[in-house]
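Thank you all for coming, and please have the sequence and the model open while I talk.

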Amino acid sequence: MLFLSMKQLFSKKKQTLLILLGISFGTMLYVAISGIQLGLRQYIIKALLNNTAHILISGKEDLIDRPLVNKWFYENKQVDWITPPYGKRSESKLENYQGWADRLSHHPDVYDFSPRLTIQVMLKRGDLTHSMGLIGTNARRQIRISDIPDYMVEGDFSSLASGGNKIILGAAAAEEIGARVGQYVEVIAGSLTHKNSFKIVGLFSFGDDRADKSIAFSHLEDVQKLNKTPGRVSEIAVSLFDMNKSQELADQWSLLSHDKVEDWKESNPMFMEMIMMQDIVRYFITIAILIVAAFGVYNVLTIMINQKRKEIAILRSIGYGPKRILELIMYQGIFLGVSGGVVGLILGFIICRAVESIELNINIGGDNHLLMDYTPSTYIIAFVAALVASLVASFLPALSASRMTPIDIIRGE
């Protein structure tokens, strides 16, 4: 049966080859586009997690809604406010950091966590100034929950562990004020009374100029002293063994406290929308290509069946039933799907490797090459899609051929 099926399929070699290439092309494009998009996604996720975490626990902001105040005091009728009472009333802070620390220390899904205090500061060196966010953290824990050591271009992040008014700047921020490692900068928080000299002990670069200009790291206690808020922690960055559990755990923990608990997806809604749009575009392109290839399979098999009507009549006459005729045509569809899918996977892998080797003029994650993804699930999905498209496209011609009878074929002649 298989030999007869292949003999019929390759009786039209040129058409068969073109359809095979069509399926291979669709599979190859899916693998290549997925490799580029998922590689870029992994890089962005990695960069985001360096600034946030799998889960970020922060103090709830003390906000008074303007509509609520207007409702209570009848806007512009009962009270004429000199200073309206709505808006942010105080800095957000964790009310019970120790309680969170005890819970996280004993939770089986938590890999590690790092308490942080983030404040807005101004760097001053000579006449040059630069505004940015200063993150006070525990250096050893920060290294465990993020990949920040990989982004250090000078110095060692763990040098913050001992404290002593040390600071690590983004390379772009250091360039902005003309500072180098080993020099001192004046750090001013809020007012001129909250200032101190910090020694630059390292520079990092996330490859994102905005982040490199707007973030700096220091020891948690040094930042607390600078801000004159000893013991204050504004947020806890939590790293999990399995980041796929971040949403489930964030939802559970948010029920235990008034503090704000967000997983990394909730903290970056614009990024998640971008991922969703990328997936839609990727699947749309692939489906369009596979539909075209499926129509090709359908046309080739339909033409072949019309040209082989006499052979089908002979097969029916010598005892081939409708089921065996159906199998005869379906074998051809399976062959086209399997061979086209395998060739497409190989071509897709070769293209990914070729794209990965291209040197770019931009820096992406400390490298000047595009980051590619080789997740096995991408190759499995591509192969299954090629096979299913071929099977669906070959079923209708196969069903039509199986319903032919010798008498109908002779009458048709």
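What you see is a predicted model, in which local features need pLDDT of at least 70 and side-chain atom pairs count only at pLDDT 80 or more, while totals for chains, interfaces and linings use all residues. Residues are numbered from 1 along each chain as its sequence is written, and side-chain values use heavy atoms, with hydrogens and water left out.

Let us start with strand S1, residues 55–58; helices (H or I, at least four residues) and strands (E, at least two) are DSSP runs, numbered from the N terminus. In a regular strand the side chains alternate between the two faces of the sheet. In S1, Ile 55 and Ile 57 on one side and Leu 56 and Ser 58 on the other are all buried, where buried means under 20% relative accessible area, exposed means over 50%, and partly exposed lies in between, with a 1.4 Å probe and protein chains only.

Which strands are joined to S1 by bridges? S1 runs antiparallel to strand S12 (residues 260–263), with four bridges between them, and antiparallel to strand S11 (residues 235–240), again with four bridges; two strands pair if DSSP finds at least two bridges between them. Leu 56 stands opposite Glu 262 in S12, whereas the bridge partner of Ile 57 in S11 is Ile 236.

Now look at helix H9 (residues 246–254), where Ser 246, Leu 249, Ala 250 and Trp 253 are buried. Seen down the axis of H9, these buried residues fall within an arc of 100°, so they line one face of the helix; the arc is that of the directions from the helix axis to the C-beta atoms. Among the elements that cover them are S1, S11, S12 and helix H4 (97–105). In H4 itself the buried residues are Trp 100, Ala 101 and Leu 104, and they too lie within an arc of 100°, so they line one face of H4. They pack against S1, S4, S11, H9 and S12, contact meaning heavy atoms within 4.5 Å.

Next come two polar side chains. His 130, in strand S5 (residues 128–137), is buried, with a relative accessible area of 11%, and a polar atom of its side chain lies 2.6 Å from the backbone oxygen of Lys 213. Ser 24, in helix H2 (residues 13–51), counts as buried at 2% relative accessibility, and its side chain reaches the backbone oxygen of Gly 340 at 3.1 Å.

Finally, how many salt bridges does the structure hold? There are six, a salt bridge being a side-chain nitrogen of Lys or Arg within 4 Å of a carboxyl oxygen of Asp or Glu. In one of them, Arg 116 and Glu 235 have their closest N and O atoms 3.2 Å apart, and the pair links distant parts of the chain, with Arg 116 in strand S4 and Glu 235 in strand S11, 119 residues apart. Both of these residues are buried. By contrast, Glu 356 and Arg 353, whose side chains meet at 3.5 Å, N to O, both lie in helix H13 (residues 322–356), three residues apart, about one turn of the helix. Glu 356 is partly exposed at 24% relative accessible area, and Arg 353 is partly exposed at 46%.

Terms used
Polar contact = N/O pair within 3.5 Å; in protein donor to acceptor, adjacent residues only side chain to side chain.
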